[in-house]
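Work through the exercises below with the sequence and the 3D structure open. Try each task before reading its solution.

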Amino acid sequence: KNHALQLRSFSRYLQMQAAGESHRARLILAGGCRDAGDRARVEALQQLCKELGLREQGSGSNWDVSFRTNVPFEEMQNLLAQADV
């Protein structure tokens, strides 16, 4: 899975994206968070976002990354249906 690599790659992509480009790319990381170890990994990834200058969802509509933990199956299906590369 290497989520840290995904975040670094996404950050680099955003830096290379043309200024003022109309299509806004966003990264949504969704999955289960079963225990304290999983929660610590999510927190480390959130810290990496800050270090990379990626904005997390929650502060208005201008965000780059969203962490969604313990997503119900139906919501996961909706997220996958919306996915675009």
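The exercises go from the whole chain to single residues.

The model is predicted, so local features need pLDDT of at least 70 and side-chain atom pairs count only at pLDDT 80 or more, while totals for chains, interfaces and linings use all residues. Residues are numbered from 1 along each chain as its sequence is written, and side-chain values use heavy atoms, with hydrogens and water left out.

**Exercise 1. The whole chain**

Task: State which elements make up the protein and in what order they run.

Solution. Begin with the definition: helices (H or I, at least four residues) and strands (E, at least two) are DSSP runs, numbered from the N terminus. By this rule the protein has three helices and two strands. Read from the N terminus, their order is α-β-α-β-α. Next comes the extent: the C-alpha trace spans about 40 × 30 × 25 Å along its principal axes. For burial, take the cut-offs: buried is under 20% relative accessible area, exposed is over 50%, and partly exposed lies in between (1.4 Å probe, protein chains only). Of the 85 residues, 27% count as buried. Last, a contact is a pair of heavy atoms within 4.5 Å. Among contacts with a separation of 6 or more, 58% come from residues 24 or more positions apart.

**Exercise 2. Two helices**

Task: Describe how helix H1 and helix H2 pack, and which residues meet.

Solution. Helix H1 covers residues 3–16 and helix H2 covers residues 36–52. Axes are lines fitted to C-alpha atoms, for helices over the stretch in contact, and angles run from 0 to 180 degrees between N-to-C directions. The angle between H1 and H2 is about 20 degrees, and their axes are 10 Å apart. Therefore H1 is roughly parallel to H2 (under 35 degrees is roughly parallel, over 145 roughly antiparallel, 65 to 115 roughly perpendicular, and the rest oblique).

Now the handedness: H1 and H2 cross in a right-handed way. A crossing is right-handed if the near helix is turned clockwise from the far one by less than a right angle, and left-handed if anticlockwise.

From H1, the residues in the contact are His3, Ala4, Leu7, Arg8 and Ser11; from H2, they are Leu45, Leu48, Cys49 and Leu52. Sorted by type, the contact has six nonpolar residues, two polar and one charged. In this sorting, Ala, Val, Leu, Ile, Met, Phe, Trp, Tyr, Cys and Pro are nonpolar, Asp, Glu, Lys and Arg are charged, and the others, Gly among them, are polar.

**Exercise 3. An aromatic pair**

Task: Find how the rings of phenylalanine 10 and tyrosine 13 are arranged.

Solution. A pair of aromatic rings is described by the distance of the centres and the angle of the planes. Rings of Phe, Tyr and Trp (its six-membered ring) pair if their centres lie within 6.5 Å; planes under 30 degrees apart are stacked, over 60 edge-to-face, and the rest tilted. The structure holds one aromatic pair. The ring centres of phenylalanine 10 and tyrosine 13 lie 6.4 Å apart and the planes stand at 25 degrees, so the pair is stacked. Both residues belong to helix H1, and because they are three residues apart, about one helical turn separates them. Phenylalanine 10 is buried at 10% relative accessible area, whereas tyrosine 13 is partly exposed at 39%.

**Exercise 4. Buried residues**

Task: Is aspartate 64 buried or exposed, and what does it touch?

Solution. Aspartate 64 sits in the loop between H2 and strand S2 (65–69). Its relative accessibility is 3%, so aspartate 64 is buried. With neighbours within four places in sequence left aside, the contacts of aspartate 64 include Phe10, Arg24, Arg26 and Leu54.

Valine 65 is in strand S2.

Glutamine 17 lies in the loop between H1 and strand S1 (27–31).

**Exercise 5. Positive phi**

Task: Where does asparagine 2 lie, and where does asparagine 70 lie?

Solution. Asparagine 2 is in the segment before H1. Its phi is positive, about 40 degrees, although asparagine 2 is not a glycine. Asparagine 2 is partly exposed at 48% relative accessibility. Asparagine 70 is in the loop between S2 and helix H3 (73–82), and its phi is also positive, near 50 degrees.
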